[in-house]
Amino acid sequence: MANRIAAGEVVERPASVVKELVENAIDAGARSVRVETESGGKRMIRVIDDGHGMSHDDALLAFERHATSKLRTSDDLLSIATLGFRGEALPSIASVSRLLLESRVEEESEGTRVEFAGGKLVGVKPAGLPVGTTVSVADLFYCVPARRKFLKSETTELGHIASLVTHYALAHPDRQFFLKTPTQEIIDCAPVATLADRVYQLFGKQALDELLEVMPASSPFRASITEPALEAEEEAATLTVRGFVSRPEVQRPNRNGTYIFVNRRLIRDRLILHAMNEAYRNILPAGVFPVVLLFLELPCEEVDVNVHPAKIEVRFRHPQFVHDFTRDTVRQALSKARPVPVFPSAGQPPASKEAGYSAGYSAQAATAGGHMGPPLQTEGSGLPRAVIPQVASSAPPHESFELNGEPQRPEPQRLHFQPGAEIPFGATPQQFTENFRENAAQQLDESWPSTGAESIVDLKPLGQVNSSFIVAVNGEGLWIVDQHVAHERVLFEQHLRARRVGNVQGQRMLMPLVTELSPRQIVIFEQIAEELRANGFEVETMGPRSVAIQAAPAGVSADDTEKLLRQILDGIERENQAISMESLQAKIAASTACHAAIKVNMPLDQQKMEWLLGELAKTECPMSCPHGRPVVLRYPLREIEKAFKRI
């Protein structure tokens, strides 16, 4: 009875069985994992691996409740490095199915065959077996008819299984994964060297081309302003983020394309999902989602995976740092590849582009070393997954204005190598390859068109539209610049640079401004008072809930000072009170820049417009404001010529 109760939490559907068995195979060091199913896993599931196997005694002990070889002491729970550790899977699965386990270790000449039916041991006998383990699960829920009635169609259950195998294939590109039914091979992925190769195997070339690589970025852990100081061992720990994210023009109607791995464990975590939403804020329209394949690597002591029976949720020791570093790493990758916004072409309403892949294969996968089966439709489940495989579809066009990426330009000439690129006689093929790559990269860097600050460095202002938007021109076409967000970007970067060097200069007010704060605002004010002072504020408490503002950052008018202070205090939301110092500085700088910047409906003379465009060209990210809104729009010269029917 206890095992069946545990099975209610661990074994939800056939995919849950596959999950537990595949995790055991990976923990056993298997280099090849083969999954075979019949009738969507209802009739039979078989997982074959070439791991180190189990001895006769261990094979029997594995079916005892909470018996595990992956934990030695209770302290091991604080540093879990394996996918499985609870010791509930095998006894729970055996209690609701007919289970056959066959396993052999390399040190023994013969293996062990153990058979269970409905939780009862049927037989144990020796057998001639290869090294590794094979677990066959037949007639799932045959002894619990009520649970069997809740299973979906065979196609739906098979889709969940295929999605799950895809997850682990992505997390372990150095291993072989194979999934088949009696009539088709759904997944057949040989080991590859890189994650990009595995993405190509599973999703195809088109999907890979629509993704941006998030280069590995590492940072030591830092405590938030409300957390105690880090211990020596915590200071030595680092967080690494890498993976792939979709370009802004690739949009999905749901989160089925989101894969988040922590130490190669697929998880469902609201904290990381929120970080992704923040990274794509003002880049994607509401109601659509990006494709995310993200890997977080951190010491096992920094994450608790023992918070959910199915091990799909985790808890971080320093959640705000993980959130902020993940958000900033993805945002940096997006900012480097974000094209200059342009006007949509006349007569061609922009349509959102959806990635033509899910957890199965796109049409290109068959030629990329993978095999694909017929389309499978799946339904939602508790496991984080994708619908697989599906045919690519395009989202309906948006009626509202949408920014398009800059059209690609032809290369002005073929690559040519300078005399210094000569290769000495007798050079090895590896030396030749390295030499070619270095010179090709150099030539591309010199010839590829720029979409950053270089493209606006020579802008000449012509005038204003509604005293709010600067109209400018250069050799690339016509530009419209939002003067408020352009000045906001300039002030934001100036403020951050000044704060990193020292304290930001403030300006004293003629008369102190006394204001009353809410209890929650008072608590937040006490936490960040020192940082406010370093950013140009001078605020003193005047009573239980009153404060006196005596100085504010330079450029902020007296009328906006109280509003700016409240905006900063309210911007630190309740769930984000453990904000890191870097994020706090960026929030204060963004709010201050917004209030100090040139406003809309403000006429500017020629000299001021030239100054603003020149300062904008000096910034690191001139194409978007600190809040993610676009700063400039470009009407390319080619589009102007098309509109006038000249080409």
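This is a predicted model: local features need pLDDT of at least 70, side-chain atom pairs count only at pLDDT 80 or more; totals for chains, interfaces and linings use all residues.
**Crossing helices and an open sheet**

Reader: At what angle do the axes of H14 and H16 cross?

Author: Helices here are DSSP runs (H or I, at least four residues; strands are E, at least two). H14 covers residues 519-534 and H16 covers 581-596. Their axes, lines fitted to C-alpha atoms over the stretch in contact, with angles from 0 to 180 degrees between N-to-C directions, come within 11 Å and cross at roughly 60 degrees.

Reader: Which residues of H16 does H14 meet?

Author: Contact means heavy atoms within 4.5 Å. From H14, Ile528, Glu531 and Leu532 take part. Their partners in H16 are Met581, Leu584, Gln585 and Ile588.

Reader: Now the sheet: which strands are at its edges?

Author: Strands pair if DSSP finds at least two bridges between them. This open sheet of 8 strands runs E5-E4-E3-E6-E2-E1-E7-E8, with mixed pairing. Pairing on one side only are the edge strands, E5 (120-127) and E8 (185-189).

Reader: How many bridges join E4 to E5?

Author: E4 spans residues 111-117 and runs antiparallel to E5. Thr112 stands opposite Pro126 in E5. The bridges joining E4 to E5 number 7.

How values were computed
Residues are numbered from 1 along each chain as its sequence is written. Side-chain values use heavy atoms; hydrogens and water are left out.
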